[in-house]
Amino acid sequence: ARDEATSWATPIIVEVDGKPQVVVSGSTALRGYDLATGKIPWSCSGLSNNVVASPVASDGILIAGSSYVRQAMLAIRLSGAKGNLAGSDHVLWSRHQRTPYVPSPVLHRGHAYFLRHYQAILSRLEIQTGKEPTGPFRIPELLNLYASPVAAAGRIYLTDQQGVTVVLDAGTEPKILGVNRLDESINASAAIVGKELFLRGANHLYCIAEE
């Protein structure tokens, strides 16, 4: 039971100090739950209401963002996290601009990539520091996006609601490597399995692979 408004973020499971935790983004607080007992070892306020984007984690750092009424993003060091983390040194960095609303961030090669609200404006931050040496980048060819970006082999894949997928080089200055169009609306995030990319449209499931 939680005394707070509904949110929509998908939980993730992370390993913290050798034990699995379920991390859930909520309007009142971001929380870790012990997977075995359901107890809450830590929580951290600071996100907005109506959280949709799911948290992401890499190398012991959790990043969560929201952008409903106000913009917010937090990076949390998970090892040793106990109690209320707000204002503690477990919060590595925070930001209040161009944070995601519907699409979740993606972490790739030491950087976090995310979209402003659900628009085609891409930010690229260092996971450890939150620094943004370059950008933001307005991505041509794309309109609004509900699907989260995905990454593989040094490339970022962005799919908008009109079924257009832009492939970017995940470098300091992301460059467009390709633009692919499907004649179908897409809201679901792409899934990568091995060397195949799956896209779920309004009426069809597509598998994209090299012949």
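Which residue stands opposite Trp42 in S8? The answer is Gly83. Let us build up the picture around this pair step by step.

The model you are looking at is predicted, so its local features need pLDDT of at least 70 and side-chain atom pairs count only at pLDDT 80 or more, while totals for chains, interfaces and linings use all residues. Residues are numbered from 1 along each chain as its sequence is written, and side-chain values use heavy atoms, with hydrogens and water left out.

Helices (H or I, at least four residues) and strands (E, at least two) are DSSP runs, numbered from the N terminus. Two strands pair if DSSP finds at least two bridges between them.

Asp17 is not a glycine, yet its phi is positive, at about 50 degrees. With a relative accessible area of 51%, Asp17 is exposed (buried means under 20% relative accessible area, exposed over 50%, and partly exposed in between, using a 1.4 Å probe and protein chains only).

How many of the eight residues of S6 are buried? Seven are, so S6 is largely enclosed by the rest of the structure. One of its residues is Ser67, which counts as buried at 7% relative accessibility. The side chain of Ser67 makes a polar contact with the side chain of His117 at 3.1 Å. (A polar contact is a pair of N or O atoms within 3.5 Å; within protein, one must be able to donate a hydrogen and the other to accept it, and residues adjacent in sequence count only if both atoms are side-chain atoms.) Leaving out residues up to four places away in sequence, Ser67 touches Ser48, Thr99, Pro100, Tyr101 and His117, where contact means heavy atoms within 4.5 Å.

S6 pairs in the antiparallel sense with strand S5 (residues 56–58) over three bridges, and Ala57 stands opposite Leu62 in S6. S5 and S6 form a hairpin with two residues between them, and Asp59 in the turn has a positive phi of about 50 degrees. S6 is also joined to S7 by eight bridges, and these two strands run antiparallel. Here Ser67 stands opposite Gln71 in S7. The hairpin of S6 and S7 has one residue between the strands, and Val69 takes a positive phi near 75 degrees there. Val69 is exposed, with a relative accessible area of 82%.

**Two pockets**

Pockets are found on a 1 Å grid over the protein atoms alone: a pocket is an open set of points with protein on both sides within 12 Å along at least five of seven lines, and lining residues have an atom within 4 Å of a point. Grid points are joined across faces, edges and corners, and a volume is the space filled by probe spheres set on the points. For the classes below, Ala, Val, Leu, Ile, Met, Phe, Trp, Tyr, Cys and Pro count as nonpolar, Asp, Glu, Lys and Arg as charged, and the others, Gly among them, as polar.

| Pocket | Volume | Lining residues by class |
|---|---|---|
| Largest pocket | about 550 Å³ | 11 nonpolar, four polar, five charged |
| Second largest pocket | about 180 Å³ | eight nonpolar, five polar, no charged |

Of the 20 residues lining the largest pocket, the closest to its centre are Arg155, Tyr157, Lys195, Leu197 and Ile208. Lys195 is found in the loop between strand S18 (191–193) and S19, and is exposed at a relative accessible area of 83%. Beyond its neighbours within four places in sequence, Lys195 is in contact with Ile208 and Ala209.

The second largest pocket is lined by 13 residues, and Thr10, Ser54, Ser104, Ser148 and Ser189 lie nearest its centre.

**One more detail**

The peptide bond from Gly135 to Pro136 is cis, with omega near 5 degrees. Pro136 is found in the loop between strand S12 (121–126) and strand S13 (137–138).

Terms used
On a 1 Å grid over the protein atoms alone, a cavity is a set of points where a 1.4 Å probe fits but cannot get out, and a pocket is an open set with protein on both sides within 12 Å along at least five of seven lines; lining residues have an atom within 4 Å of a point.
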